[in-house]
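My entries follow the structure.

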Amino acid sequence: MLLATFKLCAGSSYRHVRNMKGLRQQAVLAIGQELNRRALGGPTPGTWINQVRRRSSLLGSRLEETLYSDQELAYLRQGEEAMQTALDILGNQEGWKKETQQANGDKVLSKVVPDVGKVFRLEVVVDQPMERLYEELVERMEAMGEWNPNVKEIKVLQKIGKDTVITHELAAEAAGNLVGPRDFVSVRCAKRRGSTCVLAGMATQFGKMPEQKGVIRAEHGPTCMVLRPLAGSPSKTKLTWLLSIDLKGWLPKTIINQVLSQTQVDFANHLRKHLESSPASEARC
C-alpha cells in the first residue's frame, strides 16, 4: 500500500498531471494516512517512518502553496508583508507624539515613518474579552457599517485560505463633509500569535472592483490592530490600532490629521457601545 501511495504522489509531479490539484491533495492525504496507520500498527515505529512523516508534512505545506494561483499567492505575501511592516512600526517606541487623550484613558499618538508617511496609533482598553473583539472585527467584519457611522459598507470580495481576504470599504464623509466619500480596496490577514491576535492589511489592486464614479479611491498603508488580554485582567482587552492612510485628493494636512485621529477615537467609542448593547456568541480567536 505504501509503495502505491508513493507512486500516486510521484505521479502528481509528471508534467501532464502536475496541475491536477485534486491529485496532489489525494496524494498528500494518502501518505499521511498510510504513515499514521503503520506507525500505530507496531509498538515502536521505525525511525524512517517518523522521518518520512516529517518530510511529508513539509511536502504537504509546499503542495498547499501550489493550490493557489500566482495572484492569490501575491495577495498572501502582501498580507504577510503588511503585518510585518506594521508590527515593526509599532515595535519602535521612539518618536511618538501625543495627538489627543480622552478622560477615559484612550489616546492617539502619531509619528512620521520613512517611506510610509504619518501614522497614527490608538491605544485603548476595552472591557470585553479578546475573543469578543475578534468576533466583531474579523468574523463579523461586514457588519461594521451597522454600528460604526464612519463606515458605510465593508464587503469581502475574495477569501484566500483561512486567514486572508480582499475587502472593499466605503467610508462616510468626514469633518463636516470637508472630506468627501472615500473607498478602499485592501488585502487583510488575521493571525494568532500566542495570546495575541494581529489583524493587518494594506491597499491592493483587485480587477473586479474598479474605481467608482463620485468616490475617491484612497489607500491604506501598512496598518494593523493588535488585541491582547490586559495584564492582570484577562476579561479585558488592550487594543492598539496602527492607522496609515493616504486619503488622496487635495486636503490640508491639518484637516487630515484631525480627521484620522478623531476617526480612531470615534471607533473606540462606537465599538464599546456596540459590544455593550449586543450579546456575545461562541466566537473563538
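Entry 1. I am working from a predicted model. I looked up the total and found 13 salt bridges.

Entry 2. I looked at R140 and found a salt bridge to E136, with the closest N and O atoms 2.9 Å apart. R140 is partly exposed, at a relative accessible area of 31%. E136 is buried, with a value of 2%. I also noted that this pair belongs to a network of salt bridges linking R132, E135, E136 and R140.

Entry 3. Next I looked up R217, which forms a salt bridge with D183; their closest N and O atoms are 2.8 Å apart. Are R217 and D183 buried or exposed? I find both of them buried.

Entry 4. I then turned to K248 and E219, whose side chains meet in a salt bridge at 4.0 Å, N to O. I place K248 in the loop between β12 (245-246) and α6 (253-277), and E219 in strand β9 (residues 219-220), so the pair ties together parts 29 residues apart in sequence. K248 counts as partly exposed at 31% relative accessibility. For E219 I noted a relative accessible area of 33%, which is also partly exposed.

Conventions. Residues are numbered from 1 along each chain as its sequence is written. This is a predicted model: local features need pLDDT of at least 70, side-chain atom pairs count only at pLDDT 80 or more; totals for chains, interfaces and linings use all residues. Side-chain values use heavy atoms; hydrogens and water are left out. Buried means under 20% relative accessible area, exposed over 50%, partly exposed in between (1.4 Å probe, protein chains only). Helices (H or I, at least four residues) and strands (E, at least two) are DSSP runs, numbered from the N terminus.
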